[in-house]
Structure formats: structure tokens, C-alpha cells
Amino acid sequence: MSRREYYEMLREEQRKRKSMKRTFLIIIAVLFFAFLLSGLGVFVGYKLFHKKEKKPEITSAFISSKIEDVSDLTAAEMTYNGIIYYKEGDIPFITQKSYNMSYTAEVRAGIDVSEVKVNVVGNTVVVKLPETEIQSIDVDANSVHFYDEKHALFNWDDKKDGVEAIKNAEADVEQNADLEELKSKATKNSKEIIEKIIKDAVDEDTQVVVD
């Protein structure tokens, strides 16, 4: 091989190396920009499809509408088992009747949600709850049992018809059951329930005060 042919061969190899290097750099550049565009596409897609929902404007009317969905809120219940002695009339065996009676009653306490007052001050929601009240006293008629009955001759009706017995049982619940403790529990539960309802409807930066 002549010297000229040798130099020609070297130049050809150098051209091939340069060509391969350019091709490699082009491939790297294409892959880089493809990766960059892919990442940009994922970012834009995330922003479009996972855009944070805009919270509604926090107003007294908005908060009140959320609370009113609850209607009358029963926040605490109690089962009360009672025993009462009942006597009516003055003359034994003639006009006087008496009996002992046991019964079971379900007592419910809560608040009237329509009476809840809401005031929004800046970033704070202030809620004033109405006074807790006994919502119902339900005596289970099937639980009523009589014993030690003494009948009168002239004024005896069938006590098991229930009306008089149920009224006596309700009065006994009002007088002897620990209704204040039940109302206290209902007040605490009402505050927690109302607070949760409001916090679920506002953003985490909003302060909620329930009194």
C-alpha cells in the first residue's frame, strides 16, 4: 500500500468517526428533548386534571345551608327503666285503686337546628347553638307491667288500655331520670357534629368556633 493510499484510509476512518459522533449526539439530543416534552406534558396534564377545586365563598348563608341539612339533631339517647307506685281515690276498696308499674322508656335529647345562629368574621366562622332540650320521651307500651293491683268498685278502668299508665310513666321519667346529664351529653355531641359539618365544607385555613 502506497503512502498516499494509507493517508486516504486514515482520513476516511476519521470521517466515519466524526459521522458516528454526530449521529450519537443527535440521538442524545432527541432523547433529551423527548424526555423534556414528556415531563412537561405530564406536568400540564396533572395541573389540568388535578386542579384544586375552588372553595365556595364562606358566608353565613352558605354555612347555615350546610347545617340545615341535618334538620332536628338528636345528639344523645338514653334508655330508662322505671318503677312507679300509683294511687287514686280516697276510700279503700270503694273508690281507691292503686298499683305498682314497671316500664322502659327511650329518651332523646338534642337541638333545633333551625335556631342555630351563624356569623362569619373574616376567616372565622362563629356558631351559636340553641339550648339543648328533651326532644321526646317514648314509653314502650309492651314493656309496661302491673303488680300489687288494688281495684276500686266504682271507678275502675282497664289500666292496660295504656293511656293513663303511659302518662304516669312519662311524668316519672321527667321527675326521676337524670335528664340534665343526658342534655349535657347531647350539648357536647351537638358541638362536635356541627363543627365537623362546617369543617368539611370549608378549607383548612378557616377557624371554626362552636359555642
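Strand E3 (residues 117-121) and strand E4 run antiparallel and are joined by five bridges, in a model that is predicted rather than determined by experiment. One of the pairings across these strands links Asn119 to Val126, its bridge partner in E4. The hairpin that E3 and E4 make has two residues between the strands, and within this hairpin Gly122 takes a positive phi near 60°.

Strand E4, which covers residues 124-128, also pairs with strand E7 (residues 207-210), this time in the parallel sense and over four bridges. Here Thr124 has Gln207 as its bridge partner in E7.

Val126 itself counts as partly exposed, because its relative accessibility is 36%, a value between the 20% limit for buried residues and the 50% limit for exposed ones.

## The aromatic pair

The structure holds one aromatic pair. This pair is formed by Tyr80 and Tyr103 and is tilted, with 6.3 Å from centre to centre and 50° between the planes. Tyr80 lies in strand E1 (residues 73-88) and Tyr103 in strand E2 (residues 97-111), so the pair ties together parts that are 23 residues apart in sequence.

Tyr80 counts as buried because its relative accessibility is 17%, and Tyr103 is likewise buried, with a relative accessible area of 2%.

Key: Residues are numbered from 1 along each chain as its sequence is written. This is a predicted model: local features need pLDDT of at least 70, side-chain atom pairs count only at pLDDT 80 or more; totals for chains, interfaces and linings use all residues. Side-chain values use heavy atoms; hydrogens and water are left out. Buried means under 20% relative accessible area, exposed over 50%, partly exposed in between (1.4 Å probe, protein chains only). Two strands pair if DSSP finds at least two bridges between them. Rings of Phe, Tyr and Trp (its six-membered ring) pair if their centres lie within 6.5 Å; planes under 30 degrees apart count as stacked, over 60 as edge-to-face and the rest as tilted.
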